[in-house]
Amino acid sequence: QVCVLRVFFLYNKRYALKVGSAGKLIGSGDPGVKLGDWQKISHPLVGRPYYHNKKTKVTTWEMPQEIRFYLNEKLNNDLRRRYDEKQMAMFQAEFQAMDLDGSGAVDEAELGMILENLGETVSAARLKGLIKELDKDGSGEVEYEEFIVMLDAVWRGKGSH
């Protein structure tokens, strides 16, 4: 049985994905990236990820607030051994400042504007390369976990701080 994708316009002007009558999510067959109770799934037709919470059965195009600064348990424990609460809060603030549209991720356009404001001229090809280098899940954007892995490497001496 084929599931039908229905997109609804919600009262807060955000779009959400509805699960089809067979109760299955429409996706690429890829199980997605687990983020706590949430799962990030790449939609093959739309070319962008959506998020599904198995506990609440909520599915949305927008990154849920509760996972904007999600770190897997191992990474979170490693970082908390190296950095205090003030530093961790600073990392979140730095990422939030880079996320100009508040989507929970930094895309090519945002990275380009940030670099331009810093006086750097970067070609479109180089921007794509920078995103690809940091983007470990292939979403085309840099989420907080990918950002903090890069920042941690810089702070630990693989760069300068």
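## A helix and its aromatic surroundings

In this predicted model, the N-terminal end of helix α1 is capped by Asn72, which has a side-chain oxygen 3.1 Å from the backbone nitrogen of Lys74. Helix α1 covers residues 73–82, and its buried residues are Leu75, Asp78 and Leu79. Seen down the axis of α1, these buried residues fall within an arc of 95°, so they line one face of the helix. An α-helix has 3.6 residues a turn, so residues three or four places apart point the same way. The face of α1 turned away from the buried side carries the exposed residues Glu73 and Arg81.

Across the whole structure, a search finds nine aromatic pairs, and two of them are set out in the table below.

| Pair | Distance of ring centres | Angle of planes |
|---|---|---|
| Tyr83 and Phe91 | 5.0 Å | 80° |
| Phe91 and Trp155 | 5.3 Å | 85° |

Planes over 60 degrees apart count as edge-to-face, so Tyr83 and Phe91, with their planes at 80°, form an edge-to-face pair, and Phe91 and Trp155, with their planes at 85°, form an edge-to-face pair as well. Because Phe91 lies in helix α2 (residues 85–98) and Trp155 in helix α5 (residues 144–158), their pair ties together parts that are 64 residues apart in sequence.

Elsewhere, Phe69, Phe95, Tyr144 and Phe147 form one aromatic cluster.

Notes: Residues numbered from 1 in each chain as written. Predicted model: local features only at pLDDT ≥ 70, side-chain atom pairs only at ≥ 80, totals over all residues. Heavy atoms only, no water. Buried < 20%, exposed > 50% of the residue type's maximum accessible area, 1.4 Å probe, protein only. Helix = DSSP H or I, 4+ residues; strand = E, 2+ residues; numbered from the N terminus. Arc of directions from axis to C-beta. Polar contact = N/O pair within 3.5 Å; in protein donor to acceptor, adjacent residues only side chain to side chain. Phe/Tyr/Trp six-rings, centres within 6.5 Å; stacked < 30°, edge-to-face > 60°.
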